[in-house]
Amino acid sequence: MRYISTRGQAPALNFEDVLLAGLATDGGLYVPENLPRFTQEEIASWAGLPYHELALRVMRPFVTGSIPDADFKKILEETYGVFSHSAVAPLRQLNGNEWVLELFHGPTLAFKDFALQLLGRLLDYVLEKRSERVVIVGATSGDTGSAAIEGCKHCENVDIFILHPHNRVSEVQRRQMTTIFGENIHNIAIEGNFDDCQEMVKASFADQSFLKGTRLVAVNSINWARIMAQIVYYFHAALQLGGPARSVSFSVPTGNFGDIFAGYLARNMGLPINQLIVATNRNDILHRFMSGNQYVKETLHATLSPSMDIMVSSNFERLLFDLHGRNGAAIAGLMDTFKQGGGFSVEQERWTEARKLFDSLAVDDAQTCETIAEVFAQTGELLDPHTAIGVKAARECRRSLDIPMVILGTAHPVKFPEAVEKAGIGKALELPAHLSDLFERDERCTVLPNDLKAVQAFVSQHGNRGKPL
Ligand SMILES: *Cc1c(COP(=O)(O)O)cnc(C)c1O
């Protein structure tokens with residue numbers, strides 16, 4: 001399988017290289033040159049397979065030529081073996097023909113584990129084969145950091161540095177990062193905000209001389225392997241609900257457009273999906289595009305669903321590429337316009353094409369809390385604020401009551417106690433067994449000033465399993 005850039009100017013890469021690449025050299029994102037397509041019979045024959053077996057069938061075409069089947073199978077068995085629910089991604093019914101797909105049974109209690117548990121193992125496998133080592137430098141405002149650290153903690157060939165804004169992530173989120181020890185794991189608290197952290201990561205990709213030749217790898221949601229891993233659970237959910245004979249709809253709490261883009265790919269690979277709902281919080285650039293063909297940057301708002309607090313959606317470029325007939329030059333032009341003026345619209349027929357599949361809703365904090373309270377009263381189920389936004393959007397935007405509606409449950413409510421409290425639910429939240437002593441564990445973290453040179457010096461001092469590069 002070959003991968004090409006959405007801006008048309010970078011060399012095509014194979015799976016291994018795309019795994020290790022961040023952005024393409026032309027500033028674009030990598031996508032498969034040809035998407036695999038499965039027949040209805042083939043998809044139907046996967047009903048009842050355990051999650052890792054289904055994952056093998058769905059993802060095999062993407063890694064062909066880079067990872068032999070037997071090795072990939074073993075990696076997938078290990079990856080999804082660490083999830084605490086035996087169904088890996090169980091469905092829970094909320095209402096008539098309405099379901100939550102629980103994607104929070106991984107080690108860090110958010111859906112990012114599905115991709116990052118796999119990414120860590122894939123990196124280690126490929127690096128071992130090449131006798132190479134890499135350094136990961138990533139910034140997090142919460143969920144990504146812990147999932148990346150959990151995913152890489154056993155990697156022999158990866159050193160990981162995660163930057164978070166000092167005193168500005170929740171205690172659960174911080175402890176999920178700082179209580180994992182290993183000579184290759186480094187938590188850095190920056191005396192600044194999340195944007196400062198992200199800027200330092202960007203600057204480090206732009207000039208890598210401080211790494212003395214060691215390769216820098218990205219673990220943010222533009223990494224193709226993360227998208228790939230997220231395609232699987234759309235198939236998994238649909239097969240549980242009578243697919244592919246019956247079509248299914250999905251409502252997806254959305255920030256960077258990674259998770260929902262995986263759903264779009266599942267549909268293009270042959271899975272009958274009737275409707276995809278983009279559910280955003282007050283940071284609603286995607287809702288403004290879907291509802292009014294305006295993709296315009298606005299200021300950032302802090303919300304009760306912080307993992308969706310974004311100003312621009314990095315993966316949206318991948319959808320735009322398809323909407324423009326995969327014309328890289330057109331995308332490069334649009335992105336240029338965006339950079340200069342802060343916004344664009346697309347031609348009417350392209351927007352109409354997108355609207356055949358996508359609907360959207362922006363949900364504010366008050367509506368989020370109302371939905372948490374409403375669902376709790378109706379069913380006794382406690383939703384996290386991101387998932388609640390998905391439920392609200394599903395109920396507002398649903399096109400057909402006959403088609404099963406699946407809301408992606410992106411996080412466990414215990415990660416976001418503030419929203420649950422604000423919803424007026426008195427029930428105490430309990431950490432799952434494997435995290436029950438989280439608040440008693442020792443923490444390890446280095447506080448550094450908001451200074452690029454200081455951070456880069458730290459990385460180069462510790463980037464080889466705690467020793468200098
Ligand atoms: C990352 C995240 C999202 C948003 O996912 P995208 O792929 O960025 O759209 C939603 N909910 C939770 C809990 C997350 O951690």
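**Close-up views of a predicted model**

**View 1. A salt bridge joins two side chains.** In this predicted model, lysine 415 and aspartate 143 meet through their side chains in a salt bridge, with 3.0 Å from N to O. Between domain 1 and domain 2, the count is 1 salt bridge. The count of residue pairs in polar contact between these domains is 4, with both residues at pLDDT 80 or more. On the side of domain 1 that touches domain 2, you will find 3 nonpolar, 2 polar and 2 charged residues.

View 2. To the contact, domain 1 brings 7 residues and domain 2 brings 9. About 730 Å² of area is buried between domain 1 and domain 2, and carbon and sulfur atoms give 48% of that area.

**View 3. Zoom in on oxygen atoms of the ligand.** In the side chain of lysine 112, an N or O atom is 2.5 Å from a ligand oxygen. Aspartate 143, also part of the salt bridge with lysine 415, has a polar side-chain atom 2.6 Å from an oxygen atom of the ligand. For aspartate 259, a polar backbone atom is 3.0 Å from a ligand oxygen. On its own the ligand has 390 Å² of accessible area, and the protein covers 96% of it.

Conventions: Residues numbered from 1 in each chain as written. Predicted model: local features only at pLDDT ≥ 70, side-chain atom pairs only at ≥ 80, totals over all residues. Heavy atoms only, no water. Polar contact = N/O pair within 3.5 Å; in protein donor to acceptor, adjacent residues only side chain to side chain. Areas by Shrake-Rupley, 256 points an atom, 1.4 Å probe, with all protein chains shown as cover. Contact = heavy atoms within 4.5 Å. Buried area = accessible area lost by both parts, 1.4 Å probe. Salt bridge = Lys/Arg side-chain N within 4 Å of Asp/Glu carboxyl O. Nonpolar A, V, L, I, M, F, W, Y, C, P; charged D, E, K, R; others polar.
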